[in-house]
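Me: Hi! I'm new to this one and would like a quick tour. Could you show it to me before we start?

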Amino acid sequence: MWRPPELAARAAYVIRGNSAGAMTRAAPDLYPHQWSWDAAFVAVGLAHVDVPRACAELDSLFAGQWRTGMIPHIVFDPSEEGYFPGPDRWACAELTDDAPSSPRTSGICQPPVHALAVERIGEIAEAHGGAAAEHYRDWLPGAYDRLLAWHHYLIRERDPRGDGLLTIYHGWESGMDNSPRWDPVYARVVVGADLPSYTRRDTAVVADASQRPDPAEYDRYLWLVERFKQAGYDAARIRRNAEFLTTDVFASAVFAVANEALAHLARRLGRPEHDELLAAAELFRRGVLGARDVRSGLALDTDLLTGAPVRVETIAGFAPLVSGGLDTGAERGLLELLRSPRWTGHPDLPHPVVPTTSPASPDFRRRAYWRGPSWPVMNWFLAWMLNRRGAKDTAASLRTAALAELSDGSFAEYYEPLTGEPLGSVDQSWSAAATLDLVL
Ligand code: 2M8
């Protein structure tokens with residue numbers, strides 16, 4: 001077991017080791033490229049040790065931004081070939097002028113945590129003062145323009161109904177790839193006979209296949225990519241011909257609070273979008289609150305092809321604690337649920353962390369990636385958001401639990417929540433980044 005100061009030192013060492021020039025690999029072998037929400041979180045961790053490097057991390061991600069404003073979910077390192085599907089399979093620049101040809105990118109996006117990261121990096125830089133603060137101040141206006149284009153894209157293309165709920169086209173866009181949230185949505189995806197053959201790389205790195213999505217799931221993931229290619233990555237065509245189309249209540253909550261953060265940055269920079277961004281924050285907050293299940297208080301996604309809510313008990317259900325806006329009684333109720341035996345208070349958990357699916361739910365699978373394991377990055381993120389909402393006590397106990405889980409020093413991608421066994425990749429960049437922000 002590592003004590004916090006040594007753990008933080010090792011975390012910084014791991015992130016440096018995962019660096020590939022201006023980008024940080026999400027994980028050394030499993031994910032040897034830059035992922036969108038990983039990069040935002042990694043930048044927060046990096047800010048504690050090197051503010052200019054944190055800014056460079058985001059610049060590297062912004063270099064992959066599409067003409068539409070979309071920040072793609074992967075920016076590929078041209079010198080790396082160890083991930084599938086790689087840039088040739090996505091073929092974005094070959095199929096649409098919206099995608100940059102260099103760097104090469106994927107053609108979908110991930111939760112919009114970036115403005116939150118930029119705001120947090122600012123706090124860290126100001127606390128450092130001196131050259132770090134100055135660097136951040138000089139960098140911020142350019143970053144703001146990128147973020148504004150990204151938020152405009154999401155409002156325009158991902159909330160075409162204007163109801164304050166983001167639409168996603170692929171489970172990968174949620175970042176919670178195989179969560180039971182998407183089971184009924186994927187159930188209607190019929191893999192075409194013309195799905196080009198492929199060889200997975202992930203199961204060569206993570207030898208225990210039960211920790212990764214299964215072959216039928218992977219076929220569907222790859223099939224949807226083919227559908228996007230057929231649509232030339234055009235948002236309207238993708239929506240029209242979608243086999244997978246759902247709201248993402250967690251990403252919507254993130255977007256609510258990210259708009260708030262961006263509004264603060266607008267005010268700081270004297271930009272005119274302050275009120276517009278606050279209105280967007282309010283719209284998405286209302287969207288999330290409107291998606292609550294009356295009985296449990298958890299927010300639910302809606303399968304947009306059937307109109308049916310997806311009734312599961314996953315970490316995403318706590319979206320209202322991220323977006324804010326609950327009245328005092330409802331907020332107290334949801335915090336109590338979070339601390340209850342269905343969640344962090346489950347008697348079999350060695351650490352009171354938040355499993356990705358409730359251990360009391362029939363959907364819970366203790367080793368299966370986003371179907372049950374505890375993710376350090378999510379514990380940290382939720383604690384950060386709870387703190388922002390003023391739920392200081394719950395945030396503090398979650399931080400302590402997250403750190404206790406991480407103290408094995410493996411910086412695992414996720415943990416078996418009932419035993420604390422590290423699973424998935426080790427030396428995962430965002431687990432190390434979360435550690436730095438938890439300790440420092
Ligand atoms: C995982 O997703 C990728 C696909 O995007 C994969 O399994 O190959 C998810 O955990 C995702 O949230 C994360 O951003 C990515 C890199 O850490 O890995």
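Predicted model: local features only at pLDDT ≥ 70, side-chain atom pairs only at ≥ 80, totals over all residues.

Me: Thanks! Which side chain does Glu57 make a polar contact with?
Reply: The partner is the side chain of Thr24, at 2.7 Å.

Me: And where does Glu57 lie, and is it buried or exposed?
Reply: Glu57 is part of helix α3, which covers residues 51–62. Its relative accessible area is 0%, so Glu57 is buried, the cut-off being under 20%.

Me: What else does Glu57 touch, leaving out residues up to four places away in sequence?
Reply: Thr24 shows up again, together with Ala22, Met23, Gln34, Ala39, Val42, Ala43 and Leu46.

Me: New topic: how many aromatic pairs are there?
Reply: The count comes to 30 aromatic pairs. Tyr31 and Trp35 make an edge-to-face pair, because their planes are at 65 degrees, with ring centres 5.2 Å apart. Phe381 and Trp384 form another edge-to-face pair, with 5.7 Å centre to centre and 85 degrees between the planes.

Me: Where do Phe381 and Trp384 lie?
Reply: You'll find both in helix α17 (residues 376–389), three residues apart, which is about one turn of the helix. Phe381 counts as buried at 0% relative accessibility, and Trp384 also counts as buried, at 11%.

Me: Which residues form one aromatic cluster with them?
Reply: Phe381 and Trp384 are in a cluster with Trp37, Phe41, Phe250, Tyr369, Trp370, Trp375, Trp380, Tyr414 and Trp430.

Me: What lies over the face of Tyr369?
Reply: That's Arg212, at 4.6 Å from the ring centre. Elsewhere, the charged end of Arg158 sits over the ring of Tyr169, 3.8 Å from its centre.

Me: Now the ligand. Which residues come nearest?
Reply: There are 17 residues around the ligand, and the nearest are Asp38, Tyr83, Gly175, Asp177 and Tyr369.

Me: How far is the side chain of Tyr369 from an oxygen atom of the ligand?
Reply: An N or O atom in the Tyr369 side chain is 2.5 Å from a ligand oxygen.

Terms used. Residues numbered from 1 in each chain as written. Heavy atoms only, no water. Helix = DSSP H or I, 4+ residues; strand = E, 2+ residues; numbered from the N terminus. Buried < 20%, exposed > 50% of the residue type's maximum accessible area, 1.4 Å probe, protein only. Polar contact = N/O pair within 3.5 Å; in protein donor to acceptor, adjacent residues only side chain to side chain. Contact = heavy atoms within 4.5 Å. Phe/Tyr/Trp six-rings, centres within 6.5 Å; stacked < 30°, edge-to-face > 60°. Lys NZ or Arg CZ within 6 Å of the ring centre and 35° of its normal. Near = heavy atom within 4 Å.
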